[in-house]
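Please keep the sequence and the structure in view while you read.

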Protein chains: 2
Amino acid sequence: MVDLDSDEWNLKAVAQQAQRSAVLLGQLKAGVKNQALRAMAKALRSDQSEVLEANTIDLETGRQDGLSDALLDRLKLTPQRIEAMAVALEQIAALKDPIGEVAAGWKHPDGMEIRRVRVPLGVIGIIYEARPNVTCDAIGLCLKSGNGVLLKGGREAENSNQAITRILQEAAYSSGIPQGCIQQLPGTDRAIVDALIRLDQLALLIPRGGSGLIDYVVRNATVPVLETGVGNCHIYIERSADVEMARRIVLNAKVQRPSVCNAAEKLLIHRDAVLTHLELVLTSLRDQGVEIRGCPRTIAFDPRVKPALEEDWGKEYLDKIIAVKIVDSTREAIDWINHYGSRHSEAIVTDNYHEAVQFTDGVDAAAVYVNASTRFTDGGEFGFGAEIGISTQKLHARGPVGLSELTTIKYIVTGSGQTRS
Amino acid sequence: MVDLDSDEWNLKAVAQQAQRSAVLLGQLKAGVKNQALRAMAKALRSDQSEVLEANTIDLETGRQDGLSDALLDRLKLTPQRIEAMAVALEQIAALKDPIGEVAAGWKHPDGMEIRRVRVPLGVIGIIYEARPNVTCDAIGLCLKSGNGVLLKGGREAENSNQAITRILQEAAYSSGIPQGCIQQLPGTDRAIVDALIRLDQLALLIPRGGSGLIDYVVRNATVPVLETGVGNCHIYIERSADVEMARRIVLNAKVQRPSVCNAAEKLLIHRDAVLTHLELVLTSLRDQGVEIRGCPRTIAFDPRVKPALEEDWGKEYLDKIIAVKIVDSTREAIDWINHYGSRHSEAIVTDNYHEAVQFTDGVDAAAVYVNASTRFTDGGEFGFGAEIGISTQKLHARGPVGLSELTTIKYIVTGSGQTRS
């Protein structure tokens, strides 16, 4: 347990213990880890009243502190949500173990065998905000990938997170997972965050949350950071786009779940598609209660559109708002996206092969779509089984971060006395 | 050209130009890049007198400044060394282009095709020290991998580096490589280094040089850094080791080229192998002029051995010095290496299967060897064709950094109107 009065010193001791335990965890057989994950799911189900009680305290405190309804909803746990967490752990248990995978192997001309083998990173730090289910997902993914984990959840969910962690720790440790691999850090948020971003024992730090938190961590961390999540995603309707397809994709990307990072925030449309496509698309968006902002040409087309300010174009609304920009060419759309986008997920709707290739070649983002919704950028949808976030950086991992992205490799070279000449 | 009086401001402009040009470079066909690389090799040969003259100035300045003979030798260029640089460019031209490789591809259950495609990183910064051939290798590797490059070579080699860069730039740009992709930064070392480590335009910064430079960059950079090079490598002679094989491997790893990062710096030996193996090994090392330091038990065995201080065990000598430690078990050897090693290259010599597996499983390093010299950790030896260094970090790239490690991926998802339900 971290002493609130002396975060950093104790954090170091906790981290060192996690590091020692992670070395042992990294060498456990897959069967032991999977058995532990299933035991953890079982414990979560049988001890759910403990989690619900802790969650009730968080919800009451949240209401007193004036949290918004949206935040309270994210925070709230129900038997259904706890069941979903347990099922997620069982799904992680069923995934192929990434550790020990021989990612490549070949023979050196002198006869040594060179193997590129997947191994754990070590200890991973995760800083996250409101939703308590992240606690469970993160513990499950780190355990399966052989990594120790130091969690720092949001203060609003502190009781819920501590209860979930306690139950999972107990089930894990009594199933043979080394003591100390799983740690939930309490304490004042900023002090712990400031200690984590400089904690030598961390192989990787993953901030999950708003852009304020992520920017702060990226700017100030001395440990390696995996930047996740901010998605200012665009749908570009090219002039050859099928009207109904364009309408369905924009609608799906904007309103199916507006609060997530792969939701669309901006609509770009070729000037030649305005008369044919735009009215239908805007009407559908309005029918779903979406507020529409736009560039001057969009407003000239539809005076009910509100003006988009310069700051709108870079913004992730995470809400039922979209900003519309009319462009003169696919080239302009690509340049616009590369300038204002967050390199997350970008889509073109087109029936023209050349325009599609120009777009996928030219747009610099983790995922580039032709005629499909940006909402598919997701570890589950990509077939990874689970994810800890979507990386918008280029190093180490880009796109959904699954088990494989939580590992590194080592080369094992076996010979019979070879020396270099 | 960077103005010495105002490094940072101009550096930003140079970097922005490199970034714009790198976007175009990233989309060039492999044939254009390969043709440029061959033209660059040709130019280097035909303009070699220009390089040799510049190098003479650097050598004279170096002598006046009292550089050591070893440093002067690193700095010195000859027609043979220039020819080797030209050949290296031609070899890079002959390598498979990493860009556009479909690293993986599959179908989403809804029918979209998901492809994981290799793309360039953007602009790479490289800070390096004495050897001017790094200029040529770095430019070649970055060009082939579609990345812009900002080079900051050592002050001692400034004239040589500028001459090489000028020749390569001219040949590249007149072969269709976008102007501004290749930049050599002059100026006072620390000021440019301090600007580079915070330069937003850099997708990646690679410091190559002594541990002082690397530590400084890792500690202070806000841009992503690839840590390369420091190698405090161990050879562990297990008790079942073949005596002659142990002798040959230790000798090769220590003396074949003592100044490189994959040379052995430490010898660990099982207590039961001391009487049978150690004398022969130490005699062979002494015959090659190697200074031997050791733990108290080693000195008890051979009083001519000098005492190794605590600081010896973590040190990269890069010289004809080795420190010897007698251990009681393979477990102790593993723990010792994980504590004092630099996670570069580590080897066991053994004839016992179980001990070999324990060692490769337990040692945390980029490359772990059984019965082979640590000297093989090298992009060329691993079959990558060329390398920009050996990564000792776990994120993004571990071990030799070849063309593939200088890229990232993007997901291209092509559908027919799919939306998420």
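In this predicted model, helix α13 of chain A, which covers residues 330-340, lies across β7, β8, β11 and β12 of chain A and runs at about 140° to β11(A).

- An open sheet of 10 strands, with mixed pairing, runs in the order β10(A)-β9(A)-β11(A)-β8(A)-β7(A)-β12(A)-β13(A)-β16(B)-β2(B)-β1(B).
- The edges are formed by β10 (306-307) of chain A and β1 (102-107) of chain B, and because each has a single partner strand, one side of each is left without a neighbour in the sheet.
- Within chain A, strand β12 (residues 345-349) pairs with strand β13 (residues 367-372) in the parallel sense over four bridges, and Ala347(A) has Tyr369(A) in β13(A) as its bridge partner.
- Helix α10 of chain A (residues 243-255) lies across β7, β8, β11, β12 and β13 of chain A together with β16 of chain B, and its direction is at about 165° to β12(A).

**Where the two chains meet**

- In the contact between the chains, 50 residues of chain B touch 50 residues of chain A.
- On the side of chain B that touches chain A, the elements α10, α14, β13 and β16 of chain B each supply at least two residues, with the largest share, 11 residues, coming from β16(B).
- The residues on that side of chain B divide into 23 nonpolar, 18 polar and nine charged.
- Strand β16 of chain A (residues 407-418) pairs with β13(B) in the parallel sense over five bridges, and here Thr414(A) has Val370(B) as its bridge partner.

**Two helix pairs in chain A**

- Helix α2 (residues 30-46) and helix α5 (residues 79-94) of chain A pack with their axes 8 Å apart at an angle of about 170°, which means that α2(A) is roughly antiparallel to α5(A).
- The residues of this contact, among them Leu37(A) and Ala41(A) in α2(A) and Met85(A) and Leu89(A) in α5(A), divide into 10 nonpolar, one polar and three charged.
- Helix α6 (residues 133-144) and helix α7 (residues 158-173) of chain A have axes that come within 9 Å and cross at roughly 30°, so α6(A) and α7(A) are roughly parallel to each other, and their crossing is right-handed.
- Ile139(A) and Leu143(A) are among the residues that α6(A) brings to its contact with α7(A), where Ile164(A) and Leu168(A) are among those met, and the residues of this contact divide into six nonpolar, three polar and no charged.

Methods. Residues numbered from 1 in each chain as written. Chains lettered and ligands numbered in written order. Predicted model: local features only at pLDDT ≥ 70, side-chain atom pairs only at ≥ 80, totals over all residues. Axes fitted to C-alpha atoms, helices over the stretch in contact; angles between N-to-C directions. Parallel < 35°, antiparallel > 145°, perpendicular 65-115°, else oblique. Left-handed = near helix turned anticlockwise from the far one by under 90°. Contact = placed C-beta atoms within 7 Å. Nonpolar A, V, L, I, M, F, W, Y, C, P; charged D, E, K, R; others polar. Pairing = 2+ DSSP bridges.
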